[in-house]
Amino acid sequence: MNKVSKDNFTQEKYKYGFVTEIESEKIPKGLNEEVIRLISKKKNEPEWMLDWRLSAFKRLENMSVPKWAKAEIDEIDFQDLYYYSSPKDFKEKPKSLDEVDPKLLETYEKLGIPLKEQKVLAGVAVDAVFDSVSVATTFKEKLNEIGVIFCPISEAIQKHPELVKKYIGSVIPVTDHFYATLNSAVFSDGSFVYIPKGVKCPMELSTYFRINASETGQFERTLIIADEGSYVSYLEGCTAPMRDENQLHAANVELVALDNAEIKYSTVQNWYPGDENGKGGIYNFVTKRGLCKGKNSKISWTQIETGSAITWKYPSCILRGDNSTGEFYSVAITNNYQQADTGTKMIHLGKNTKSRIISKGISAGKSSNTYRGLVSFHKKAKNAKNFTQCDSLLVGSECKANTIPLTENSSNSSSIEHEATTSKISDEQLFYCMQRGLDAEEAQSLIVNGFCKEVLQKLPMEFAVEAQKLVSISLEGSVG
Amino acid sequence: MLEIKNLNVTVEEKQILKNLNLNIGKGEVHAIMGPNGSGKSTIAHTLAGKPNYNVESGEVNLNGEDLLSKDPYERSLNGLFLAFQYPIELPGVTNASYLKQIVNAHRKSRKETPIDAGEFLKILKEKSKLLDIPMDMHSRFVNAGFSGGEKKKNEVLQMDLLDPSLIIMDETDSGLDVDALKTTADAINKLRNDERSFIIITHYLRLLEYIEPDYVHVFQNGSVIETGDKTLASRIDHEGYS
């Protein structure tokens, strides 16, 4: 009697699934040298950048896609994709927002990211990337005054070649793995951040990625450098239209923290996850890696992964500087037929390095959710410490959760602490909350938000509330 | 205000309540006593709408409305409150935010705006004091690691916050020491008024010495075998159920 049934709930439609009707200009489909030369030409790149791309492309010819993730991935025909798409007549990035196509401004407005500076959240600067190009960057001048560089990477390649040359590929080698190499060959746009010595960046920096064009891959490249004693908090968000096809997003994100610098990188990933039968959705194959190059440096990754048909990403830290710290806080939610294989690598090279991993996986529907992690202590990593906590929460009985934590230890003075739990939302918990007046969805979302609160709290304040809502919406329709 | 007519309930195919009849008027306090397995807790869970408590036949009306067709949360919003014998733990959910959320769910159903944080804190302080609940309990996770006494007080606190018209207490006295029992009973007595009715399920006389019932029902094998006033409770305490 009164059993809560699935039919009581209609799943809330993916709210960001609309398409912007804007004419786009694409480079013909296919992956070949000609396409790479065209991308480079579109971006007006110097010779060295083109050479770098081409050398990556050469490597790619002998590489194949990695297969080890716990995910069933339909084979991708890399020749049948567009690698570059931009709004038509977008020859040069508009100098000011007044010149930006109103349709684009409207798109971001609809996504909840107003770009007009007087309307934006105080204290947040935004770079808006639409398919393969950055269409607007806010608060650039204001940040410039204190020496902070925040611009599309295509602009940085032209205006700050010495910084880009020095650091691009220094954290994720061109040859790292197939998707990282692919990205190096065909990357289009993403953000570039440089925080000068001793500067605490006074605003949150954020990039908002939007895929709009069909049959198009997005290959974002982001590079963040925090010079000695500096601090920056950076946030990225992502959405895409609802389509029956699977679209590829293969990003490379590199972070470099020098002596005493700190980078806090947060992601709210809400790519289109596909429909309730598993049709469509983004393939999110992303390589994110931070290098704690200097002593006492710190890199902290926080990710809320709710979208994508398949998520495959392992934001990692290489702890080279003595006393450096790496952190990874993750909430990964899968529903319907979504698949997530995500986690982190903490590579301890320096003395007294510390890392902390808190991973919360929530699976519902028929989805599959895997935590995959590696904690590695090298010989010189004296007194290194790691703490890992992996919790899985199952909603319903048809989903899967896996935890694969690996450790390598060549240092005899280091310590690893590992805790793992798997739990289910119990009928008793739901009934208790419902007896107090919460309906089934509210009850579930209360319990789930409690489960991942420790991670949600790590997000910048402005986004924590949004993320909480997103967590609830992602699980709608899963109470049964 | 509550009418139970010929109620038959099975749990996992076993019949627990058999042709149960019970009428509870506005403002009345009814105690239900009976040996283990007599169906005392089953009546509480059935009225609250717990899944797997299957009503085979019978009718229940609360304030003139059919209760059994409603979802558990609607029953709560309609004024039914069940104080659990074993309150459930909600790890990660702080008590304060939980309490605020359930209060707001009730306000929403009355088409009122969500409560202001400052106002809520004021009310919470006031009501916690009545129950001797330290405020730091509210920054802990709901019932997680609470002592038996703390859990029961937290139930009474919720009862007070939600302002129900029918309160069912399922062995609220178990797990309370003498002092806590007195504090809790005092708080419950303050909730008594002409509009609000109570069903108090208990094994023991001691709670009924603090909260005087208007009627006492003795349960056996899923139905009421005897009804009397509070003297019946004392008799049972002395003589047992046989």
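**Helix packing, sheet order and the A–B contact**

In this predicted model, helix α8(A) passes helix α9(A) in a right-handed crossing. The contact draws on Q429(A), L430(A), C433(A) and M434(A) from α8(A). From α9(A) come A440(A), A443(A), Q444(A), L446(A) and I447(A). By class, this contact of α8(A) with α9(A) holds seven nonpolar and two polar residues, and no charged residues. Helix α8 spans residues 427-435 of chain A, and helix α9 spans residues 440-456 of chain A. Their axes lie 9 Å apart, and the packing angle is about 120°. That angle makes α8(A) oblique to α9(A).

The axes of α3(B) and α5(B) come within 10 Å and cross at roughly 30°. Angles under 35 degrees count as roughly parallel, and α3(B) and α5(B) are therefore roughly parallel to each other. Their crossing is right-handed. On the α3(B) side, the contact is made by L99(B), I102(B), V103(B) and H106(B). On the α5(B) side, the residues are Q158(B), L161(B) and L162(B). By class, the contact of α3(B) with α5(B) has five nonpolar residues, two polar residues and no charged residues.

Chain B is divided into two domains. Domain 1 covers 1-87, 164-178 and 192-242, whereas domain 2 covers 90-145. The C-alpha centres of domain 1 of chain B and domain 2 of chain B lie 26 Å apart.

An open sheet of four strands is found in chain B. The strand order is β2-β1-β4-β5, and the pairing is antiparallel. β2 (14-24) and β5 (65-66) of chain B stand at the edges. Each has a single partner strand, so one side of each is left without a neighbour in the sheet. β5(B) pairs with β4(B) in the antiparallel sense over two bridges. In β5(B), D66(B) is the bridge partner of N61(B).

The contact between the chains takes 26 residues from chain B and 20 residues from chain A. On the side of chain B that touches chain A, the elements that give two or more residues are β4 (53-62), α2 (72-77), β7 (90-94), α3 (95-109) and α5 (148-162) of chain B. α3(B) gives the most to this side, with five residues. By class, the side of chain B that touches chain A has 17 nonpolar, seven polar and two charged residues.

Key:
Residues numbered from 1 in each chain as written. Chains lettered and ligands numbered in written order. Predicted model: local features only at pLDDT ≥ 70, side-chain atom pairs only at ≥ 80, totals over all residues. Axes fitted to C-alpha atoms, helices over the stretch in contact; angles between N-to-C directions. Parallel < 35°, antiparallel > 145°, perpendicular 65-115°, else oblique. Left-handed = near helix turned anticlockwise from the far one by under 90°. Contact = placed C-beta atoms within 7 Å. Nonpolar A, V, L, I, M, F, W, Y, C, P; charged D, E, K, R; others polar. Domains from an automatic or database assignment. Pairing = 2+ DSSP bridges.
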